[in-house]
Each structure stands twice: as C-alpha cells, then as structure tokens.
2 protein chains.
Amino acid sequence: MERAAVTARTSPESARDIPEATVARLPVYLRALVTLSEQGTATCSSEELAVAAGVNSAKLRKDLSYLGSYGTRGVGYDVDYLRYQIAREIGVTQDWPVVIVGIGNLGQALANYSGFRSRGFRVVALLDADPARHDAVVAGIDVRPFADLERIAREHSVAIGVIATPAVAAQDVADRMVACGITSILNFAPTVLNVPAEVDVRKVDLSIELQILAYHEQRKTNGAQNGAQDGAREGAQTA
Amino acid sequence: MERAAVTARTSPESARDIPEATVARLPVYLRALVTLSEQGTATCSSEELAVAAGVNSAKLRKDLSYLGSYGTRGVGYDVDYLRYQIAREIGVTQDWPVVIVGIGNLGQALANYSGFRSRGFRVVALLDADPARHDAVVAGIDVRPFADLERIAREHSVAIGVIATPAVAAQDVADRMVACGITSILNFAPTVLNVPAEVDVRKVDLSIELQILAYHEQRKTNGAQNGAQDGAREGAQTA
DNA sequence: CTCGGTTTGTTCTCGCGTTCACAAACTCCT
DNA sequence: AGGAGTTTGTGAACGCGAGAACAAACCGAG
Ligand SMILES: NC(=O)c1ccc[n+]([C@@H]2O[C@H](COP(=O)([O-])OP(=O)(O)OC[C@H]3O[C@@H](n4cnc5c(N)ncnc54)[C@H](O)[C@@H]3O)[C@@H](O)[C@H]2O)c1
Ligand SMILES: NC(=O)c1ccc[n+]([C@@H]2O[C@H](COP(=O)([O-])OP(=O)(O)OC[C@H]3O[C@@H](n4cnc5c(N)ncnc54)[C@H](O)[C@@H]3O)[C@@H](O)[C@H]2O)c1
C-alpha cells in the first residue's frame with residue numbers, strides 16, 4: 001500500500017477501489033472535521049476524530065488509509081488538510097446540481113433544508129406533476145411542471161435526482177430521470193425502484209427505520225418479561 | 001435449526017438471535033407482502049417475493065428461515081400468513097406510541113406523514129421548545145412545550161422518540177428522552193448522539209446519502225475521462 | 001401408490017468488514 | 001545526538017453476511 005499512498009499524494013484522481021463501507025463513513029468524518037475546524041482545532045488524533053465521528057479509532061485509521069497517508073505519526077491529522085482531502089475524495093469540492101421531484105410535505109421540507117448548499121449540493125429545480133402546485137415559490141425556487149425535467153436536466157447537467165412523490169409515481173419518475181441522463185437517485189418513496197445497472201439508487205425509508213427500532217424494542221421488553229438471557233445489547237449508532 | 005423451526009411454530013415469542021442484516025430487511029418483505037395482498041395474491045414463491053422486495057431469492061429464504069418454517073415446499077408462502085408472522089416478529093401487530101421533537105420543516109412533514117399509522121406507529125405528541133410554535137395544530141395534533149415530554153412519555157408509555165431539531169439541540173433532547181425512559185431514538189439531526197448502551201439510535205442523514213451518491217457519480221465521470229478500467233459497477237439498491 | 005415437477009430450508013464456501021496488535025515514524029526534551 | 005513518549009499505517013485473525021447448490025418435502029396427475 002506504500003505505492004498507493006505515494007500515488008495518492010502525487011495524482012489527485014487516484015485512490016483505487018475504496019470499500020463501500022468506508023465510502024459510507026467518509027461523510028461522517030467530513031462532518032466531524034468541519035465541526036472541529038469551526039471550533040478552531042488545528043490538528044487531531046485518530047482517537048479524537050473517532051470519538052467525534054462515533055466510530056472505532058482503528059476503523060477510522062484504516063478507512064483513511066484507503067485515501068492515502070494524510071497523517072503524521074506521533075502528531076495526528078491536520079484538520080483542514082484532511083477535511084479538504086476527504087471532500088475532494090467524495091467529490092464535494094464543487095457543488096452538484098440536484099433536482100427534487102414531488103413538492104409535497106416532504107419535498108418542501110427538503111427544499112427548505114439549508115444543509116444542502118453547505119455540503120456540496122445545489123437545488124436547481126423543484127418539479128411537481130400537480131398544476132395546483134406550479135408557480136408556487138418554495139425556498140426561493142419556482143415549482144415547475146414535471147415535464148420541464150428534460151430541459152432542466154440538460155441545461156444544468158444534472159446527475160443527481162431526489163424522488164419525494166407518492167410510491168405509485170416513483171417508478172415513473174425514476175424512468176424519466178434515467179431517460180434524462182440522471183445516474184444517481186435518492187428515493188424517499190417506500191418502493192423498490194428498477195433502474196439500469198449503471199444508475200445508483202439509495203433509499204431513505206422512515207417506516208423501515210422505525211420498524212427496526214420496534215423490533216429491538218420488542219426484544220427488550222419481552223426479554224424482561226421472559227427472563228431470557230439477553231446478552232449485552234449494544235446501542236451503537238447503526239447507519 | 002430443525003428444533004428452532006419447531007419452537008417457532010409452537011411458541012409465539014421465540015426466534016433466537018436474528019442477524020441484524022436480516023432484521024433490516026424484514027420491513028421490506030413486509031411491505032412487499034402488503035402490496036401483494038392488496039393485489040389479491042394469495043400465495044407467492046420466494047422468487048416472486050424476492051423480486052418484489054428487490055433482493056436475491058436465496059437471501060430471502062435464508063432470512064425467512066430465521067423466523068421459522070412458514071412456507072410449503074413445492075408451493076410457496078401464504079401471503080397473509082407470512083405477512084402476519086413477519087409483522088409479529090417485528091412487533092408491529094400493535095401500534096407503538098411515538099413522540100416527535102422539533103416541529104420545524106421536517107418535523108411537520110413527519111407529523112403529516114400518513115404512512116406511520118398504517119405501519120405500526122401512532123404519533124402521540126409533537127413537542128417544540130419554541131413558544132411561538134405552541135398551540136399550533138399540525139396534522140390534528142397540538143404542538144406542546146418540550147417540557148411536557150416527561151408527562152406524555154409516562155402517560156403513554158412511549159418507548160420511541162424522533163428527533164427533528166437542529167443539530168446543536170439534538171444531544172440535549174436525546175438526554176431528556178433517555179431520562180424519560182425512551183429507549184429507541186430515530187435521529188434526523190446531523191450529529192452523533194451519545195446514549196447509554198441499552199438505548200438504540202438510528203440516524204437518517206440526507207447529506208450523507210447525497211454525498212455517497214456524489215462519490216460514485218464522480219467516479220463514473222472521472223472513469224470515463226480517465227479511460228481507466230472501471231469494473232462492472234452494480235447499481236443495486238443500497239440501503 | 002408412484003412419479004415427475006416444483007419450491008423450500010439448509011449447508012457450504014467465499015469475500016468483505018471489523019478489530020487487534022505492533023512496527024515504523026515522528027516530536028520533544030534533555 | 002539520543003532516548004522516551006506518542007500516534008499512524010497496516011498485517012493478520014476473526015466473524016458475519018451473500019450467494020450457489022442441493023437434498024428434503026410437497027403437490028398433482030395418472
Ligand atoms: N412526509 C414524510 O415525512 C414522509 C416520510 C417518509 C416517507 N415519505 C414518502 O415520501 C413521499 C412524499 O411524501 P409527502 O408526504 O411529501 O407526500 P405528498 O402527497 O404531500 O406530496 C407528494 C407530491 O408529489 C407530487 N406528485 C405526484 N405524482 C407525481 C409525479 N408523477 N411526478 C411529479 N410529482 C408528482 C404530488 O403532486 C405532491 O405534491 C411519499 O412516497 C411518502 O411515502 C414521506
Ligand atoms: N428539512 C430537511 O429536509 C432536513 C433534511 C435533512 C436533515 N435535516 C435536519 O433535521 C433537523 C430539523 O430540520 P428542519 O429543517 O425541520 O429545521 P427547523 O429549524 O425548521 O426546525 C427545527 C425545530 O426544532 C425546534 N427546536 C430547537 N431546539 C429545540 C429543543 N431544544 N427542543 C425542542 N425543539 C427544539 C425549533 O423550535 C424548530 O421548530 C435539523 O437538524 C436538520 O439538519 C432536515
């Protein structure tokens with residue numbers, strides 16, 4: 001891995017095959033580093049950063065090692081330098097244009113969310129199929145007809161789309177997005193999307209999260225009644 | 001596992017140690033079964049259900065085998081029977097009372113979300129620290145002062161809490177929830193929560209999801225420019 | 001009853017991810 | 001300069017989960 005480290009230092013677009021589990025944690029590290037930076041911390045050890053990110057320090061170091069050798073032994077990591085390196089690796093040193101489709105309860109909340117802009121994303125359009133919603137202004141952005149998707153996607157080179165429509169409409173919306181060249185979809189509708197292999201889909205599903213909590217909750221209370229030997233249940237952050 | 005299967009058939013509160021990965025998929029199967037049931041399907045094979053749930057059929061069968069032997073070889077699964085068994089296993093045959101704290105953009109959207117009720121959850125209170133929000137009615141429920149948490153949690157035996165406050169307030173809210181006996185928390189604030197080991201925390205983080213998509217998106221476009229040999233990138237649903 | 005077709009439940013294997021543990025490397029103090 | 005103390009980066013061990021493959025079990029026809 002020594003060679004990889006050197007390559008990472010010299011050529012910006014390097015870093016072969018980062019494990020998916022690591023990729024999912026990089027944003028967490030990035031956020032922790034931003035917080036540390038805002039607090040005026042110049043350097044931090046892997047242990048400090050691990051605590052701030054809520055993970056094991058060994059895991060943190062291994063994750064960072066996939067990006068290169070950005071730390072100094074005996075000292076730790078330069079907060080701003082590491083922050084930049086992770087941001088670059090994730091790809092949020094420039095803003096990504098994003099469209100949100102389905103401007104109902106959830107879509108409006110998302111549009112109003114200020115955390116996007118500051119974390120590498122820019123909402124370029126709000127689209128809805130319901131004419132009654134059109135011409136409304138949400139978070140300073142006009143709500144446009146869904147039919148405008150193709151034009152907007154082309155004009156802004158949109159690669160990422162957010163689906164916040166009812167479940168029945170989600171597959172149609174996804175198909176149209178794919179047809180417009182969108183290759184990454186964040187889906188809030190509780191349904192399975194069928195997309196070509198080159199398109200990435202991530203889903204955020206409220207009910208599933210709650211049901212997972214309910215399962216463990218049931219176990220806790222039943223275990224108490226039942227008197228069964230429940231081993232140490234870890235309450236670690238489960239992503 | 002033969003013994004476990006028999007036990008599962010006879011005693012309702014059985015099913016030792018279901019793997020976490022399986023637990024996370026049970027809600028997906030449940031939803032697929034509900035859809036199938038509503039379509040009038042009486043029985044289905046593991047292959048059909050797997051397609052509906054967006055997973056491999058071998059994985060599905062293995063997952064279900066942890067609950068017991070609820071299928072019939074050569075036939076498949078009785079949709080309604082399996083649906084009930086999974087619902088019982090997850091613990092959503094009765095409703096769980098839930099409190100939502102932080103009734104801003106996101107909290108209001110959550111309160112208005114009708115999918116909770118139908119999936120085993122009942123919002124019993126909306127709490128906010130801002131007096132300006134009090135006495136507003138969202139989704140037919142009064143917004144109450146945050147100080148009411150203890151009384152409400154006790155009166156309704158609330159075990160599950162949802163945090164939709166700004167990040168800076170999230171840890172305080174979590175501490176108060178834990179003090180009130182809440183042992184499961186769904187956190188929307190982009191921060192790491194410190195809670196006792198017996199408390200389960202699940203987080204839903206928009207920015208992280210988008211950043212993961214951005215990472216892969218960057219790889220796709222860079223790979224094209226670079227002409228590097230990018231192996232077959234799978235676009236499967238990543239939870 | 002028997003046989004062919006079908007589908008489940010389970011075993012086995014492989015790869016990924018987590019964690020431990022430690023050598024290498026760096027700083028600071030004497 | 002050298003040694004003590006600190007922290008990184010990584011090799012190795014281990015456990016969990018994914019998937020292929022197959023025997024066991026069930027149905028229906030004849
Ligand atoms: N509100 C929540 O907190 C919440 C929580 C979890 C999941 N969800 C899911 O998110 C999705 C949106 O929820 P919501 O509460 O905002 O629903 P909503 O009904 O308030 O809004 C849906 C919007 O989508 C629009 N729409 C419908 N079909 C469309 C189409 N084909 N193209 C474009 N727009 C279309 C509608 O006009 C409407 O404005 C749903 O699938 C819901 O299950 C919502
Ligand atoms: N809106 C979104 O789509 C979105 C997306 C991703 C993440 N988030 C996160 O969800 C959280 C809420 O987002 P939002 O857009 O609804 O923010 P918001 O500012 O609209 O609402 C926050 C609410 O929490 C209340 N609050 C503040 N401190 C409190 C306390 N100590 N106790 C109880 N209530 C308190 C405020 O009065 C306000 O009503 C934030 O952490 C945000 O980062 C929101």
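**Tyrosines, ligands and a few other spots**

Biologist: Does Y70(B) count as buried or exposed?
Modeller: Buried means under 20% relative accessible area, exposed over 50%, and partly exposed in between (1.4 Å probe, protein chains only). Y70(B) comes out at 8% relative accessibility. Because that is under 20%, Y70(B) counts as buried.

Biologist: How do the numbering and lettering work, and what kind of model is this?
Modeller: Residues are numbered from 1 along each chain as its sequence is written, while chains are lettered from A and ligands numbered from 1 in the order in which they are written. Side-chain values use heavy atoms, leaving out hydrogens and water, local features need pLDDT of at least 70, side-chain atom pairs count only at pLDDT 80 or more, totals for chains, interfaces and linings use all residues, and the model is predicted.

Biologist: How many aromatic pairs are there over all chains?
Modeller: Rings of Phe, Tyr and Trp (its six-membered ring) pair if their centres lie within 6.5 Å. Planes under 30 degrees apart count as stacked, over 60 as edge-to-face and the rest as tilted. By that rule the count over all chains is 4.

Biologist: What kind of aromatic pair do Y70(A) and Y81(A) form?
Modeller: Their centres are 5.6 Å apart, with 90° between the planes. Since over 60 degrees is the cut-off, the Y70(A) and Y81(A) pair is edge-to-face.

Biologist: How many residues apart in sequence are the parts that this pair ties together?
Modeller: Helices (H or I, at least four residues) and strands (E, at least two) are DSSP runs, numbered from the N terminus. Y70(A) lies in the loop between α4 (57–65) and β2 (71–72) of chain A and Y81(A) in helix α5 (residues 79–90), so the pair ties together parts whose separation in sequence is 11 residues.

Biologist: What is the centre to centre distance for Y70(B) and Y81(B)?
Modeller: Y81(B), with a relative accessible area of 33%, is partly exposed. Y70(B) and Y81(B) form an edge-to-face aromatic pair with 90° between the planes, and centre to centre the value is 5.7 Å.

Biologist: Which chains does ligand 1 lie between?
Modeller: A residue is near a molecule or strand if one of its heavy atoms lies within 4 Å of it. There are 23 residues around ligand 1, and among those that come nearest are L106(A), D128(A) and R133(A). Ligand 1 lies between chains A and B.

Biologist: How far does a polar side-chain atom of D128(A) lie from an oxygen atom of ligand 1?
Modeller: A polar contact is a pair of N or O atoms within 3.5 Å; within protein, one must be able to donate a hydrogen and the other to accept it, and residues adjacent in sequence count only if both atoms are side-chain atoms. A polar backbone atom of L106(A) is 2.8 Å from an oxygen atom of ligand 1, and a backbone N or O atom of A109(B) lies 3.1 Å from an oxygen atom of this ligand. For the side chain of D128(A), the distance to an oxygen atom of ligand 1 is 2.5 Å.

Biologist: How many residues of the shell around ligand 1 are nonpolar?
Modeller: Ala, Val, Leu, Ile, Met, Phe, Trp, Tyr, Cys and Pro count as nonpolar, Asp, Glu, Lys and Arg as charged, and the others, Gly among them, as polar. The shell has 3 charged and 4 polar residues, and the nonpolar number is 16.

Biologist: Which element gives the largest share of the shell around ligand 2?
Modeller: Residues from chains A and B surround ligand 2, so the site is shared between chains. α6 of chain A and α6 and α9 (167–179) of chain B each supply at least two residues. The largest share, 3 residues, comes from α9(B).

Biologist: Which side chain makes a polar contact with the side chain of D148(A)?
Modeller: D148(A) sits in the loop between β7 (141–145) and α8 (149–156) of chain A. At 13% relative accessibility, D148(A) counts as buried. At 2.9 Å, its side-chain partner is R144(A).
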